[in-house]
Amino acid sequence: MSVRVDSAFKEQLKAFGKGDWNECFHCGNCSAICPLTENGFLFPRKGIRAIQMGLKDKLASYVDPWLCYYCGECTETCPRDANPGELMMTLRRYLTSVYDWTGLSGRLYRSFTAHLAVMIILFISVITAFLVFADFTIPLSDQGMVSINSFAPHGLISTLDHFLLGTLSFFLLTNMLNMFVQVIIKDKSVRVPFYMYFIEVWGAIFHFLTQARFSKCEKKRLYWFSHLFLMSSYVIMFVMIIFFLAWFQTDEVHPWWHPQRLLGYYVTAGLILGSTYFMIGRYRKNREMFRFSHHSDWIFLILLFLLALTGILIHIFRINHLPMAAYISYMFHLAVEVPMVVTFVAFSKWSHLAYRPLGLFFANLKKAAREKQYRIQLAPTT
Amino acid sequence: MFKMEEKRIGVYVCWCGTNISRMVDVEAVAEEIGRLPDVVIAKNYKYMCYDPGQDLIVRDIREHKLNRVVVSACSPRIHELTFRKALANAGLNPYMFEMANIREQVSWVHTDREEATRKAKALVAAAVTRVRFHEALDKRKVEINPATLIIGAGISGISAALEIADSGRKVFLVEKMKYPGGHTADIDLSFPYMVSARQLLEPKIRRLLNHPYIELFTESRIAEVYGYVGNFEAEVENNLGIKTKISFGNIIVATGLKPFNPSSVNLHGYGKLPDVYTSVEFEKMLVSGEIKTRDGRMPKNIAIIHCVGSRHNDYHEYCSRICCMLGLKYCNQIRSALPDANIYDIYADMRSFGKSCEELYTQTATRNIMFLNFDQRQGLPQITKACPDEHCEMLIEFKERLSNESIIVPADMIILLVAMEAREDAREVAHAVGVSMCGNDFYIEKHPKLDPVATTTDGVYIVGSCQGPKDITDSVAQARAAASRVLATIAAGTVEVEVTTAVVNEDVCCGCQTCIKVCPYKAISFNQEKKVSVVNEILCKGCGTCGSTCPTGAIKSRHFTDLQILSQITGLMEMELVTEL
C-alpha cells in the first residue's frame, strides 16, 4: 500500500517544537552516535524522514521518541545543524496530541495563549471558590494549632481530589489505550502474543521506578539524578494527596522526624531543587536538551516551583501559628495545583510519565514478538 | 664496395627500484646480453629514467662511440620519448633506439624469478637483434594555414571563435541553425549563480556578428574535409545549395548535443499526459515568464524527476552531468515564482559537484522543497492520471529509498530532467573531420586526462558537449583551451609530423588498392597515371595496417620494416634456444 506524501505536515509540526528539519540530508550520523537506538528502533533519522515526507500514519505508530532521553549527542554530531535531538522532543509533544482523542492537547501545545487562558480560568475559579465558601477567620484551635482541616476539610478536599483523579484518569487511560491502538494494533507487521504482555510489563515497571535507561546516556548523571529526584517527589506528593490526604494533611504538627514531615521535606526539596535546576538550565541553555524550550516546558516548571513555594509557606505559617497567612497560602497552593494537574496530567508534558514506560513496554513487546516471528521463520518446517 | 657500418650497441637493464629487480635477475640479464655480438657494453642501473640514468647513456655514447642503444625497462609508452631525447642529446639519431619491456611484460606478471629472468633475456636479445637494423629517420615539418574552421556556433563554438579571431586570425564559423547561440540561447538562468544566460550570450553574439576576422555561415553544413594538419580544405554548403570553398589549418568541432526524448520511457507518460514536460520545454516556459499548466492554471504541486534516460541500462548508462543542478535551479526558480506551491524533487542521487554547486543544494534545501530519493534498480517513478477526488492532476508512485516506503506524490505539473545525448548527425560530422566516437556517439579526446580537447587526428579539436554532456562553464573552458592550442600551432608556423609512416615502392605496387580500403586515416590515394598507391605522409599515423595487408610487399612501414620485425623474432628465438641448450 502506498502512502501519500504531505508537504504541509512540516508546517503543522512547527507549533510543537523547533522547526521543519529541512536541513537534514540523511547521513545517519545521529542514529550512529545514539547510545539508546537499536535494531528495529533506529532513531532519530527515520523520524526526520517521516516528518519531511509528511507520513502522519507512520508517525502515529512511531514509538521511538519515547525511547529517547535527549542526551543531545545526535545534535552535537549533526553536520547540518538539523537538531535531531529537538526533533525527538517535538515528536513527543506531537504524539501526546495524537494520542489525545479530545483534541485539547493539540490546542494547549499549539497555542500559548490558549494554555495560559485555561490556566487563568482555573486559577480564578479556585480562588473564587475559596473566597465564596471558605472561612478565613477560623482562629487557632484549642491546642493552638492552625485549623487547616476546618478551613478546608480533608474529607471535602479528598472528595474533590478523587473526582479530579477520576476525570483525569479517564482521559489519560483512554489516551493510553489510543496509544496502544496506534502503536500495537495498527502495526500489521508484528502480532504480539497475549502472554508476552505479562513478561514484558516488569521491564517497564523497573524502568519507571529507576529510569535506568536514562543513565545510559553518557555524561548526563546529574541530569538523570535531578530528573529522578523531581519525578519521585512529584509521584510521592501525588500519591499522598490523592490517597492519604487524611494522614498527610493534619492540623497537628508532628515532630521533625515523623515520616509525614520527612516525606514532606523530601517532596519539597525535590520539587524546589528539580524545578530550579531545570529552569536555570533552560534559561542558560547550557545543555543540548535545554537549547529549545516550548511554552509548555516553562509553564510546567514555573507551576512546580510555585507549588513547592506555597507548600513551604503553609508550613512556615503553621509552625508560627499564623492562621490567616496559612489559609491564604493554602488557597494559592490549590489555585496553582488544580490548573497544573488539569492541563498537564492527561493533555500535556506530565503525561509522559505514563507514555514513557508505556512506550518502552510496547517497544519491548514488539521486539520480543519480532524475535519470535524470526525464530519461527528460521525453524525447519516438518 | 658498400662498406657495412660497424654496429656498436649499448644495453641498459633498469631495476625500476625493486619493480623489476625483485622478479628479474638484472645482473644476470646484463651479463648474458653483454656476450652477444655487437654489444659493446651492457649495464644495469637502479632507475634508468632518472637524470643519472640518462646521463649514463649520454656518457657511454660519447665514450664508447655507441651508435645504437637498447634500454630494457618499462613500457615504451611511458619512457620511449625520454630515452630518444637522451640519444638526441648525445648527437645520435633518436630512432637508433629500441626498448624492451621487462616490467609490464615480465616482472609484474610473473611469479617465478628464474623463468622471468629467462624471458627478460629473450626480450632484450630480441631488441638487440632488432636495433641492428634500425635506420636514421628525420622529423618532417609542414607549414600551418592560420585560418581555423569551427563547426557549431553554440557557446563553445562562439567562445573559441572570438578567442582566435581576437588575435587577428581568420575563423570560419559554420552553424546548422538559422541563428548562433545553440542551447544556451534557450536557457533562462544559468546555475549555480543564477545569472541570465542571455546576458552571458548576447554581447558575445553581437561581437561575433561584427567581428572582421569571423566569417559566419548559418544554415550551412560541411560536406567533407580534405587535407591534413595545417592544410585542410572543405566546402561549406548552405540550405540554398550555395557552396563556398574554404581552406584552413585547424578544425574545432563544437557541434553540441541534443536532449533525450522521454516518450520511450513508458512509465513517465510523456506525450500522453498533458502536463509532463521535458527540462527543455520547461526552460522555454521560464523564459516566457509564466509557470502554467496546459489549461492555463497555476500548478499547486510541481514535481521534478531526475535521471530521465540517464544512468539506466535501457537508455543511457552515463550520467548527463547537468540535470541535478538544473533540478536545483528549477526548485529555486519555482519557489520564487510560486511561494506556496508544493515542490517535490525526485532524484536518484544528488550530484552537486564543483564550486558553488553543493552550496546551491544546501541553500535550496532550506526553501521547503521535499527531496525524495528513488532507486533506479527498483523501478522508475510511475506517473498516472489522478482521480478527481485526489485534488491533483497526476500521481507519481515509487519506492522512496531513504524511508523504505512506497509513496504517492501528487502533481499538477511534472518536469522530466531528460538526459543529454549525442546529435543524430554526430556520425556524419565525425566521418567528415576524422574523429573517433565512443559507444554513446560522443567524440573521443586524445587522452581523457592529459589531452582533453585534442583528438587522434592532428589539427582537429573537440570542445563542449559533443565530447560529453557539459555545463556552460566547462564548455567555455574547453573552447578557450582548444583556441589556445590552435593559436600555439599557428604561432609556431610549422608543425612536426610523424615520420614512422608507410612508403610505397612504386616499382613493386600492383595497383590493387587494397591498402586504400584498409587505411583508417584516409592517408592513401591512387595515382591514376602511374597506377600506384601514394601515401600522404602527413596523414599517415604509421599504424602498419597497409603494410601487413599489401599482397606484393610494396608498402614498407618505416621503423617497422619486415627486416626489423623478423630479426626481432629471430633474436627472441635464438636466445630461447641458447638458454635451453
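Okay, let's start with chain A, where the domain assignment gives domain 1, residues 9-99, and domain 2, residues 104-369. Before I go on, please keep in mind that this is a predicted model.

The contact takes 27 residues from domain 1 of chain A and 32 residues from domain 2 of chain A. On the domain 1 side, helix H5 (73-77) and helix H6 (84-99) of chain A each bring in at least two residues. And which element gives the largest share of that side? That's H6(A), with eight residues. If you sort the domain 1 side by class, you get 14 nonpolar, eight polar and five charged residues.

Now let's see where the chains meet. Here, 14 residues of chain A are in contact with 15 residues of chain B. On the chain A side, strand E1 (3-4) and helix H3 (45-53) each supply at least two residues. H3(A) provides the largest share of that side, four residues. By class, the chain A side that touches chain B splits into six nonpolar, five polar and three charged residues.

On to chain B itself. You can find 15 helices and 30 strands in chain B. Its C-alpha atoms fill a box of roughly 100 × 60 × 45 Å along the principal axes. Of the 581 residues in chain B, 46% are buried. And if you take the contacts in chain B with a separation of 6 or more, 70% of them are between residues 24 or more positions apart.

How does chain B divide up, and what are its domains? The assignment gives domain 1 (9-137 + 562-580), domain 2 (148-256 + 423-495), domain 3 (260-421) and domain 4 (502-557). Notice that domain 1 and domain 2 of chain B are each written as two stretches. The C-alpha centres of domain 1 and domain 3 of chain B lie 61 Å apart.

Let me finish with two helix pairs. In general, you describe two packed helices by the angle between their axes and the distance between the axes.

Left-handed or right-handed? H6(B) passes H7(B) in a left-handed crossing. From H6(B), the contact uses B:Ile155, B:Ile158, B:Ala161 and B:Leu162, while H7(B) brings B:Leu201, B:Lys204, B:Ile205, B:Arg207 and B:Leu208. By class, that's seven nonpolar, no polar and two charged residues.

The other pair is helix H9 (residues 323-337) and helix H10 (residues 357-365) of chain B, with axes that come within 10 Å and cross at roughly 40 degrees. So H9(B) is oblique to H10(B). Their crossing is left-handed. Look for B:Met325, B:Leu328, B:Cys331 and B:Asn332 in H9(B), which meet B:Cys357, B:Leu360, B:Tyr361 and B:Thr364 in H10(B). This contact has six nonpolar, two polar and no charged residues.

Key
Residues numbered from 1 in each chain as written. Chains lettered and ligands numbered in written order. Predicted model: local features only at pLDDT ≥ 70, side-chain atom pairs only at ≥ 80, totals over all residues. Buried ≥ 20, exposed ≤ 12 C-beta atoms within 10 Å, placed from the backbone. Contact = placed C-beta atoms within 7 Å. Domains from an automatic or database assignment. Axes fitted to C-alpha atoms, helices over the stretch in contact; angles between N-to-C directions. Parallel < 35°, antiparallel > 145°, perpendicular 65-115°, else oblique. Left-handed = near helix turned anticlockwise from the far one by under 90°. Nonpolar A, V, L, I, M, F, W, Y, C, P; charged D, E, K, R; others polar.
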